[in-house]
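User: I would like to go through the terms used for this structure and see what each one rests on. Please give the cut-off whenever a term comes up.

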Amino acid sequence: MSDRSLHASKNTTWKSIDELAQGPMETGEFATGTTSAPVFDSTVSRRGFMALVSASMALTAAACRRPEQKLVPSVKSLENATPGLPVYYTSVYAHRNAAYGAVVKTREGRPIKVKGNELHNVNCGTASSEMQASLLSLYDPDRIRRPRLDTGQTSFDAAAAKIADAMLEAQGAGKKVAIVIDEHCSPTFTQLLTEFTAAVPNAMVVMMPSIVCDNASIANLSILGVDAEIVPNLGKASVILSVDSDFLGTDKLALYHSGRFAARRSPSSANAAMSNLIVAESQYSLTGMNADHRERLHPSQLESFIAVVERELVGGGAIGGDLARGASTETTKAAVNAAVKLKAAQSGEAVVLTGRHLSPRAHAIAYSINNALGCIGAGKTIDSACTLPNSQAKGAGIAQLQREMESGNVHLALFCDVNPEHTSDRAFRAAMAKVPVRASVNLYEDETAMVSQVSIPAAHWLESWGTAVSINGTISVQQPMIAPLCDGVPSLQDTLITIGKKVNAAFLGETATYADYVKSWVNASVLPTVPGVSWTKALQDGVIASAPATASAAGLNLGGGASLVSHTVGTGMMLLTAPSLTMYDGKLANNGWLQELPDPVTKITWDNVALISPGTAVALGLASSKDAKSIAKANEKVVTITTALGAIDLPVIVQPGMADNVIATQLGYGHTAMGKVAEGVGVNTYMLTSAGHTTSYVAVTSVTEKAGERHRIATTQQHHTLSDGHGDRPVAKMMTLGDVAAKNYAVVSENFNKEGMDGKFLKPLSANAEYIYKGHRWGMVIDMSACTGCSSCIIACQSENNIPVVGKEQVLVGREMHWIRLDRYFTGDMDSPGAIVEPMLCQHCENAPCENVCPVAATTHSPEGLNEMTYNRCVGTRYCLNNCPYKVRRFNFLNYTKENEQQPLDLVQNPEVTVRFRGVMEKCTFCVQRLHEAKWHARDNGHARVADGDAVTACQEACPASAIIFGDMNDPKSRVSVAKQSERGFRVLSDINVRPSVTYLAKVVNAPASHVEAGAGHHS
Amino acid sequence: MTVVQEQERLQASLLGEEPVREGLVLGNPSVRDVTARIASIVESKITLKYLATLAVTGGMAAWGLFALYYTFTVGIGAWGLNNPVGWGWDITNFVFWIGIGHAGTLISAILFLFHQKWRTAINRSAEAMTIFAVICALTMVLSHTGRPWLFYWLLPYPNQMQMWVNFRSPLAWDVFAVNTYFTVSALFWFVGLIPDLATLRNYVKSDIAKKVYGVLSLGWTGSTRHWHHYEIGYMILAGISTPLVLSVHSVVSFDFTVGILPGWHTTIFPPYFVAGAIFSGFAMVMTLLIITREVLDLKQFITLKHFDNMNKIILATGMMVGYAYAMEMFIAWYSGSDWERWVFINRAMGDYAWAYWTMVVCNVVSPQVYWFKKARRSIPLMFVISIFVNIGMWFERFTIISTTLHHDFLPASWGYYSPTWVEISILIGTFGIFLSLFLLFAKFVPVIAIAEIKSILPGSQPKHHHTPHS
């Protein structure tokens, strides 16, 4: 623009003579010339000026930017993987010698979740807590990274050479080489070891599990000629008598049993049938918690009990006559009652199970009863075709190893994935010390590795190839999901191959690796027998249905059972060292998820304790009377327990339901080496059992209180919930089968508000019109009758939702982070209580009390009925936590994830779920990330809605009892909608009008219609 | 007549020997005397004793601030809170300090509007306490969140997230209530101070002090026009403050009443909280005034009559609080809700019964001695009782918060809460902040409203009868 030209051309009007004379004004009040910016050339327009200024501003801003960096895509892309999308692989998890099919979710090449394989007919898509938690051990920073020779690091080659040299030395000296392995279910490993012993003739392979379960096999060998443990199918049993057998808890096949047991535990009026579980036991086990009728017996009475049952049912042919005579009056009465119930069942529908620690004689008697009950045979509850692999009696082999070591015949002991220094008694450890060369191949530098000159790291099961055969003959290939996290860490089998080849070059010929070995075995020995299955298909499915290796039963010889040994158990104080419900034998003790998993019965984390009955607490002088307050004072006192094998100090917890004069304690704790998590947690109780002998009741010579000493026990549920009179709160409801049959559901609709309010809100108490959920509306049903309390859901949730481990100190304060917890309530009296397990998670209330109180609207309701938590928005006032009537919200009091995390532990995190920072609230989301994934899949496939069953929460997926049903409540045909119609359905705290989206189905006890204490905690 | 003589005479009148209406200012000082007496406190030298006391309270404040720093760096995990008990000493302290402030507002606003002349000698320090107490309360409320650096998200301001606060949340209401309270109280106090600051400006000798007081007195000359506007402005602020006496603590009580927990969800809380706040506020004013009066020798202005009147209010509000305790129990029974019944039985007999009974003894039992005039006029006794009431009122908030949270609906989720050293330090720290500010106030600001007290001097009011003349 040029004002000058403008004026020149348009100067047709004028205001003064000056203007007219001068033309365009150069001076004066309104000097037009100054309208041009003086700095720039007059041709610069205002717009141009602005453009220049903004450009220079941008330039200035650009100068402040961080140097530009480019993201370089990986040159080697992952095979078959799209970044951001998960890839699932099948594998198989071996819980010692029990195989469970696994599907492992990987993201960008790293495994982030272990779940069950639906095609595997043992666990049918479900997963145990240990199986899921083993994922965390993969990333455990305490795993061994490099081989060690004496005190220095070494190479694999040098370590293997050292072992091979020792083998050759042994050959030269005419001594033996002991290869000590854990029990396993891998046919290829068995075959590899056979070939190894052929190539190295002085090698003796000894299977030495930390918990030996020989008695069933000894009994089966003598009466059936089958040296194996027969696995019952409880799905076929309507009356189950369990004599000290914890088949739902610490049994290796608990996952298998839970599913089949629970399938018969959810009656309705239309089908008022359920199984009847009678439990006779000394401790209070998880199985005992699920019992319909429970007898607490002193261990000295257990075998007499089963003998009386046999006498009642078998009559003349009974093989336990002498034991039956030892039964007390009460035992006899209880046994006769149990026999009546067994007899009442339809033929073949009743079964007797015996605890693994009971004598071979007791197992034989049980077999005799089962024989009389008609439940033995092909396709029946007890089918000898269904045996646990490698469950042959092992005690003799272990004893022989001990003798050989003591006599100096063993030059080299190679401990493969076993920890006898921790799990065996003093005599065995002394024998170990006599072996000149000791070597350990393991995941951790554990106690045995510490006493070994050579320590070699072993690969995790998710890093290595393998095979496993299940109880019914299904073969699965264990395939690695990830290359070993520490470069070049071979699997145990690969290490053996390397050593074998060094000792004898001819060993395995051309086969160089275990992977090749597995592949050629499957191709040569398995696939030809199953038509139409290729190697690829076998890997895709994760299972190869193979004919079970039928045991050659030599015909029933019950008489053989009569001569078997029975345990002589004294009538005094007895100690039971049982596997831990959460840690099993302690092999995964360095796993924070498992350490912090509350024991389903005691709710204890991070410790093992001495459990005693209230009566015993009084008898030992730990409590002054059986009054609840006085009993509570006995908790956490430390006692010294002395047996013939030694003495240990353990803190006491009074466990209602225990038999008197029994102390129950858990194995798997008290590690002195292994890793930061395991060390110093609990006490090693293996030392009170003898190596190679089946754990059983041990006579206690004395129990003395350590005066003034207390050991704080971190429980997730306070002990004193027992002692406070908190009234009959109908929060966990229980009814009898008789009531179900009679359609008497009064207890289900019972509320705590008895007067004044009717406790039923037929209309929402709101000024607003009710919200109409148009799309999905997610909801859940939890069947408390099916739930056994196994706690798989807790680990499933922890793994899926990146829930941190907080440690014992924080649990003591009450800050555990689990989004789902299992509330355990006792009913009845303190001596023999019943129990209800109520899984408690965010109820996603429609009228959520947490939502309106958040000042920053960080927790809100989704249009699909979810109560959502926006972590980024949360400022952490904790008001929502206070106002939550279920107390399911979890606050990050500290920066748990960040503080406890070190490489490579962070790789376990699920990238779909935010890792929470300190100061924010979190809680169950109904696995909202899975719901979104399901919706995307539905949309991609052109569906308007997610089909029923396509959106599955982590807890639901893992639950072996199928007690959790999740789905769309807006779909009337969905499983959850149908389940919500159950007459047993109730909502917890329905009387406070929060309208939860979770419906619970009342627990049913198989008992005649009668008054059952409604609600929990009715105590004396 | 000397102060001592006058007190003796009053004592005699109490015993019925000679009926006399008690004056509000003793010793019949002249207007000039009043100015000199009060302004001299500001002008006097800072003593070593003063500095030592300030060092102690400042040390307490510093220790508390260190505990807050520790909390900010470690997280709320530094405290003893856990999953059932999400609030503990933090909110207890917050409600306690907010409550303390209420006496000041009541004295300055409501008593002013009702022409209660005896308020004049104590209103200045009571208002100062209000402000300092609210500062302590704000410290607690800002530090109690998990992510305190995001405190401004609690304020409604337009932002790029397009997020407002949740107007349904009582905590958002709290923010408004407390901020309004702080602003109005500070304004009211400052406006009341203007004539006195001008007096000080004229009185002090040092140049700096003259400048500071000069700026703060906003050019006050004491002209009739100034006084006219001042009186109107003061009256308006008193009017604005009056509803705050009722509203602030009602809103604070909504934090609990809007919750659905038995023990919180109750309609009695707003009036009960207001009564409790005035109760505790008067007790705190009492504690501090007894000391101030002794140390600064203000017996002439702050007389036993003032204390007598305040003790009557303490007795009255203490009875209201006691009534509320009884009514809570009654309603719990009468409601027919077993949740309610159980919570109140647990309050009196459960794990925190010690806290409940401490509260009852301190708040309900101890003020009962004030039925006796002798007790209302005994300085040592009222000092002890004012401390009892402070303790009792702190425990009232603790009881409401902790007993309700630790055992609520599902027995499986129950827990127990006890504080850590950090929380104890923070409480000590808030006392340190409060006392330090009060010490500074007592030294640098006229502790008694000079201008106002002149209006109640004997003879200053035309209608003033029975003025005892010496």
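**Terms and what they rest on**

Analyst: Cys927(A) lies in the loop between strand 32 (921-922) and helix 31 (928-940) of chain A. Helices (H or I, at least four residues) and strands (E, at least two) are DSSP runs, numbered from the N terminus. The model is predicted: local features need pLDDT of at least 70 and side-chain atom pairs count only at pLDDT 80 or more, while totals for chains, interfaces and linings use all residues. Residues are numbered from 1 along each chain as its sequence is written, and chains are lettered from A and ligands numbered from 1 in the order in which they are written.

User: What makes Cys927(A) count as buried?

Analyst: A residue is buried if 20 or more other C-beta atoms, placed from the backbone, lie within 10 Å of its own, exposed if 12 or fewer, and partly exposed in between. Cys927(A) has 26 C-beta neighbours inside 10 Å, so it counts as buried. Its phi is positive, about 50 degrees, although Cys927(A) is not a glycine. Most residues other than glycine have a negative phi.

User: Where is Lys887(A), and is it buried or exposed?

Analyst: Lys887(A) sits in the loop between helix 29 (879-883) and strand 31 (890-891) of chain A. It has 22 C-beta neighbours inside 10 Å and therefore counts as buried. Lys887(A) also has a positive phi of about 50 degrees without being a glycine.

User: Why is helix 4 of chain A called roughly parallel to helix 26 of chain A?

Analyst: The axes of helix 4 (residues 129-138) and helix 26 (residues 792-800) of chain A come within 8 Å and cross at roughly 25 degrees. Axes are lines fitted to C-alpha atoms, for helices over the stretch in contact, and angles run from 0 to 180 degrees between N-to-C directions. Angles under 35 degrees count as roughly parallel, over 145 as roughly antiparallel, 65 to 115 as roughly perpendicular and the rest as oblique. The crossing angle therefore makes helix 4 of chain A roughly parallel to helix 26 of chain A. The crossing of these two helices is left-handed (the near helix is turned anticlockwise from the far one by less than a right angle; clockwise would be right-handed).

User: What makes helix 9 of chain B oblique to helix 14 of chain B?

Analyst: Helix 9 (residues 269-295) and helix 14 (residues 379-406) of chain B pack at about 140 degrees, with their axes 8 Å apart. That angle makes helix 9 of chain B oblique to helix 14 of chain B. This crossing is also left-handed.

User: Which strands of the seven-stranded sheet in chain A stand at the edges, and why?

Analyst: The sheet is open, with the order 5-4-14-13-12-6-7 and mixed pairing; two strands pair if DSSP finds at least two bridges between them. Strand 5 (152-153) and strand 7 (203-207) of chain A each have a single partner strand, so one side of each has no neighbour in the sheet.

User: How do you know that strand 6 and strand 12 of chain A pair?

Analyst: Strand 6 (residues 176-181) and strand 12 (residues 410-416) of chain A share six bridges in the parallel sense. Val180(A) has Phe415(A) in strand 12 of chain A as its bridge partner.

User: How many residues of chain B are in contact with chain A?

Analyst: Contact requires C-beta atoms, placed from the backbone, to lie within 7 Å. By that rule 44 residues of chain B are in contact with 52 residues of chain A. Helix 6 (170-203) and helix 11 (338-349) of chain B each supply at least two residues of the chain B side.

Methods
Contact = placed C-beta atoms within 7 Å.
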